[in-house]
Amino acid sequence: ALQHRGLLAFLLIVLEWTQPSLPSPLRPICDLRVLNHFIKEAQDAEAAMKLCSEGCTLSDSVIVPQTTVEFDVWEKKSALAKAQEVQSGLWLLQEAFNFLRTSVTNTALHSHIDNSVRNLLSVNAVLRSLNIQEFTPPASAAEIEGTWRVSTATELLQVHINFLRGKVRLILLDAQACQQDVS
């Protein structure tokens with residue numbers, strides 16, 4: 001049941017968005033409570049990973065996106081550049097989690113890893129629904145700028161949390177479809 005909460009939350013938002021209902025100041029797809037739910041689940045996964053003592057390591061380092069945001073630099077970027085940065089980061093995280101899934105032998109952690117991947121896919125679906133151009137993955141993660149390597153599962157999960165809290169939140173706040181109409 002826990003595995004499907006993120007998907008359920010996403011589906012409820014899409015259903016509410018597509019159903020005509022009372023006027024609302026923001027489209028439900030822009031509701032940051034869903035992102036906050038994904039962040040909470042990422043924190044739960046990190047807590048479970050920290051408690052793990054056996055079968056929970058990365059067998060090799062993985063490439064992840066930078067999570068730091070220099071707001072003056074971010075604000076000057078085009079919407080397309082922001083979208084590409086976020087989508088490439090989501091792709092890197094998906095690749096890293098898929099690698100983590102093959103490295104971790106502790107089956108209790110598999111549901112957390114699978115849930116993290118599902119949530120990343122849901123975030124991608126939200127971005128597509130906001131008419132943010134689809135990302136075409138490169139042949140190699142090494143082709144993506146603004147990356148670094150982590151060598152532990154806990155570091156990967158911390159990057160995941162910070163990426164959701166930072167760049168994903170910013171792109172949702174900046175999305176044209178999520179802006180309130182000012183009359």
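I take a cavity to be a set of points, on a 1 Å grid over the protein atoms alone, where a 1.4 Å probe fits but cannot get out; lining residues have an atom within 4 Å of a point. Grid points are joined across faces, edges and corners, and the volume is the space filled by probe spheres set on the points.

**Ground rules**

I am working from a predicted model, so I keep local features to pLDDT of at least 70 and side-chain atom pairs to pLDDT 80 or more, while totals for chains, interfaces and linings use all residues. I number residues from 1 along each chain as its sequence is written, and I use heavy atoms for side-chain values, with hydrogens and water left out.

**Cavities**

I found 2 cavities of 30 Å³ or more. Two or more lining residues come from each of α2 (32-51) and α5 (107-129). Helix α5 gives the largest share, 4 residues.

**Overall layout**

I counted 6 helices and 2 strands in the chain. Helices (H or I, at least four residues) and strands (E, at least two) are DSSP runs, numbered from the N terminus. From that end, the order reads α-α-β-α-α-α-β-α.

I then checked burial across the 183 residues, and 43% count as buried. Here buried means under 20% relative accessible area, exposed means over 50%, and partly exposed lies in between (1.4 Å probe, protein chains only). The chain exposes about 10200 Å², with carbon and sulfur atoms supplying 55% of it. I have these areas from the Shrake-Rupley method with a 1.4 Å probe; for residues, only the protein chains shown count as cover.

I also looked at contacts, meaning heavy atoms within 4.5 Å. Of the contacts with a separation of 6 or more, 85% join residues 24 or more positions apart.

**Confidence**

I checked pLDDT, the predictor's confidence in each residue, from 0 to 100. The chain mean is 82, and 82% of residues reach 70 or more. Among the elements, strand β1 (residues 62-65) has the highest mean, 94. Helix α1 (residues 5-18) has the lowest, 52. Over residues 17-26 the pLDDT is below 50, and this stretch has 8 contacts in the model beyond near neighbours in sequence.

**The disulfide**

I found 1 disulfide in the structure. The term covers a pair of cysteine sulfur atoms within 2.5 Å. Cysteine 52 and cysteine 56 make the pair, with 2.1 Å between their sulfur atoms. I noted -105 degrees about the S-S bond, a left-handed link. Are the two cysteines buried or exposed? Cysteine 52 counts as buried because its relative accessible area is 15%. Cysteine 56 is buried too, at 10% relative accessibility.

I went back to helix α5 for valine 123. This valine counts as buried because its relative accessibility is 6%. What does valine 123 touch, not counting residues up to four places away in sequence? I read off Phe38, Leu90, Leu164 and Val168. I also took the C-alpha separation from valine 123 to valine 34, which is 9.4 Å across 89 residues of chain.

I have valine 126 as buried, at 9% relative accessibility. The C-alpha atoms of valine 126 and leucine 172 are separated by 9.0 Å, with the residues 46 apart along the chain.

I placed phenylalanine 71 in helix α3. Phenylalanine 71 counts as exposed because its relative accessible area is 53%. Its C-alpha atom is 9.8 Å from that of leucine 170, a residue 99 positions away along the chain.

Where is lysine 77 found? I located lysine 77 in the loop between α3 (71-76) and α4 (79-103). Lysine 77 counts as partly exposed because its relative accessible area is 28%. I set aside its neighbours within four places in sequence and found lysine 77 in contact with Lys82 and Glu85.

Terms used
On a 1 Å grid over the protein atoms alone, a cavity is a set of points where a 1.4 Å probe fits but cannot get out, and a pocket is an open set with protein on both sides within 12 Å along at least five of seven lines; lining residues have an atom within 4 Å of a point.
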